[in-house]
Amino acid sequence: MRTIKLLVSLGLASTSLACVAAPDAAVNAILSKNNCLACHAVDRKVVGPSYKDVGAKFKDDPNAVTLLVGKIKNGSAGTWGPVPMPPNPGISPDEAKQVVNWILSGAPG
């Protein structure tokens, strides 16, 4: 009986881990498709700030999702220095929201 319980527990644990990994793959596909990774990295500044820095800066802002989705879609200037972020009209609002929620989750990577 203990063996069955252990196997069931392991089966459930592996299923849970698979579910957790899926959003990262989806977000990574969005980032790649929209060329976001040309200017941003998870944990270091490239042309723009790291995703971890963005998450830290906006984590307590109740309007962060709307604000950051707007910055992704329409571009932005001045928040992180003199280099502007160009608009990304090809990313859908839903995709931008997925990326922002991932950034604000505090666990990009």
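The model is a predicted one. On that basis the protein has four helices and zero strands, and from the N terminus on its elements run α-α-α-α. Of the 109 residues, 28% count as buried.

Helix 4 can be checked for its length. The 12 residues of helix 4, at 1.5 Å a residue, should span 16 Å, and the end C-alpha atoms are 16 Å apart, which agrees. Which residues of helix 4 are buried? They are Glu95, Ala96, Val99, Val100, Trp102 and Ile103. Seen down the axis of helix 4, these buried residues fall within an arc of 160°, so they line one face of the helix. An α-helix has 3.6 residues a turn, so residues three or four places apart point the same way. The face of helix 4 turned away from the buried side carries the exposed residues Pro93 and Asp94. After helix 4 comes Gly106, with a positive phi near 80°.

The next topic is the charged contacts. The structure holds one salt bridge, in which the side chains of Lys33 and Glu95 meet at 2.5 Å, N to O. The pair links distant parts of the chain, since Lys33 belongs to helix 1 (residues 2-33) and Glu95 to helix 4 (residues 93-104), 62 residues apart. Are the two partners buried or exposed? Lys33 counts as exposed because its relative accessibility is 56%, while Glu95, at 14%, counts as buried. The cut-offs behind these words are under 20% relative accessible area for buried and over 50% for exposed.

In the loop between helix 1 and helix 2 lies Asn35. Its phi is positive, near 65°, in a residue other than glycine. Most residues other than glycine have a negative phi. Asn35 has a relative accessible area of 55%, so it is exposed.

The cysteines come next. How many disulfides are there? With a disulfide taken as two cysteine sulfur atoms within 2.5 Å, the count comes to zero. The sulfur of Cys36 has its closest cysteine sulfur in Cys39, and the separation of 8.8 Å is too far for a bond. Cys39 is likewise in no disulfide, the nearest cysteine sulfur being that of Cys36.

The last topic is the nonpolar surface. Val46, Val47 and Val83 make a nonpolar surface patch of about 220 Å². Of these residues, Val83 lies in the loop between helix 3 (64-74) and helix 4. Val83 counts as exposed because its relative accessibility is 52%, against the cut-off of over 50%.

Technical notes: Residues are numbered from 1 along each chain as its sequence is written. This is a predicted model: local features need pLDDT of at least 70, side-chain atom pairs count only at pLDDT 80 or more; totals for chains, interfaces and linings use all residues. Side-chain values use heavy atoms; hydrogens and water are left out. A salt bridge is a side-chain nitrogen of Lys or Arg within 4 Å of a carboxyl oxygen of Asp or Glu. Helices (H or I, at least four residues) and strands (E, at least two) are DSSP runs, numbered from the N terminus. Buried means under 20% relative accessible area, exposed over 50%, partly exposed in between (1.4 Å probe, protein chains only). Patches are made of residues with over 30% relative accessible area and no salt bridge: like charges are joined within 9 Å, nonpolar side chains (Val, Leu, Ile, Met, Phe, Trp, Tyr) within 5 Å. Accessible areas come from the Shrake-Rupley method with a 1.4 Å probe; for residues, only the protein chains shown count as cover. The expected span of a helix is 1.5 Å times one less than its number of residues. The arc is that of the directions from the helix axis to the C-beta atoms.
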